[in-house]
Amino acid sequence: MTPLIAIHAFAAVVALLVGAWQLFWGPRGTQGHRVAGRVWVVALMFVAASSFWIQEIRPGHFSALHALSVVTLVTVPLGILGARQGRIRDHRSAMTGNWIGLVGAGIAAAAVPDRAIPQLVVHDALTAGVAALAVVATAAAVIGVGRVVDAAVVPQP
């Protein structure tokens with residue numbers, strides 16, 4: 001596994017976990033949501049942009065996953081714009097769609113036995129385990145910071 005693929009995978013799984021928190025469990029519209037959302041956006045945009053230098057499915061060519069990256073690079077900023085303009089339904093739709101796309105890309109990355117992630121798990125389970133712990137710790141830290149920010153923000157009467 002190349003360093004780029006490792007960092008790409010790390011960022012993708014952090015985005016997957018933080019995004020799940022944002023969509024299903026975390027409070028919405030709070031400062032903590034915004035903090036975790038910014039981390040999620042940076043991670044997801046890195047994943048989308050870095051994918052163009054990863055061509056292991058069809059060496060030297062782009063694949064269908066790269067089309068998903070183009071969609072992500074367009075729709076994430078549109079989702080941010082929706083939130084800033086108070087169009088919360090548009091924001092929620094864009095971010096949910098991007099998270100679902102990330103889930104699909106993750107399944108595609110992990111389900112094919114010849115790809116880097118399954119090979120790492122089979123050939124170097126210790127490294128894969130340490131990487132998994134690092135991802136979970138990073139996602140937990142992002143979510144924790146968001147919760148601390150929310151706890152520190154005192155509602156104004």
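Predicted model: local features only at pLDDT ≥ 70, side-chain atom pairs only at ≥ 80, totals over all residues.
A pocket here is an open set of grid points with protein on both sides within 12 Å along at least five of seven lines.

We can start with the second largest pocket, which holds about 630 Å³ of space. Its lining is made up of 18 residues, and H33, R34, G37, A83 and H91 are the ones closest to the centre. Four helices, α1, α2, α3 and α4, each give two or more residues to this lining. The top contributor is α2, with 6 residues. Sorted by class, the lining has 7 nonpolar, 6 polar and 5 charged residues.

H91 is found in helix α4. Is H91 buried or exposed? H91 counts as buried, because its relative accessibility is 18% and the cut-off for buried is under 20%. Setting aside its neighbours within four places in sequence, H91 is in contact with H33, G79, I80, G82 and A83. Both H33 and A83 also turn up in the group closest to the centre of the second largest pocket.

**The largest pocket**

Next comes the largest pocket, with about 920 Å³ of space. Its lining has 41 residues, and the ones closest to the centre are H8, A9, A12, A109 and I117. Two or more lining residues come from each of α1, α2 (31–50), α3 (64–84), α4, α5 (116–123) and α6 (125–152). Which helix gives the most to this lining? That would be α1, with 8 residues. As for class, the lining has 28 nonpolar, 11 polar and 2 charged residues.

The elements giving two or more residues here are α1, α2 and α6, and α6 has the largest share, with 4 residues.

| Space | Volume | Lining by class |
|---|---|---|
| Largest pocket | about 920 Å³ | 28 nonpolar, 11 polar, 2 charged residues |
| Second largest pocket | about 630 Å³ | 7 nonpolar, 6 polar, 5 charged residues |

Now for the aromatic side chains. How many aromatic pairs are there? The count comes to 2. In one, F24 and W25 sit edge-to-face, 5.8 Å centre to centre with 65° between the planes. In the other, F24 and W99 are edge-to-face too, at 5.3 Å centre to centre and 75° between the planes. This F24–W99 pair links distant parts of the chain: F24 is in helix α1 (residues 3–25) and W99 is in helix α4 (residues 88–111), 75 residues apart.

Together, the ring pairs join F24, W25 and W99 into a cluster. W25 is exposed, because its relative accessible area is 61% and the cut-off for exposed is over 50%. W99, on the other hand, is buried, because its relative accessible area is 13%, which falls under 20%.

Note on methods:
Residues numbered from 1 in each chain as written. Heavy atoms only, no water. Phe/Tyr/Trp six-rings, centres within 6.5 Å; stacked < 30°, edge-to-face > 60°. Buried < 20%, exposed > 50% of the residue type's maximum accessible area, 1.4 Å probe, protein only. 1 Å grid on protein atoms, 1.4 Å probe; cavity = no way out; pocket = protein on both sides within 12 Å on 5 of 7 lines; lining within 4 Å. Points joined across faces, edges and corners; volume = space filled by probe spheres on them. Nonpolar A, V, L, I, M, F, W, Y, C, P; charged D, E, K, R; others polar. Contact = heavy atoms within 4.5 Å.
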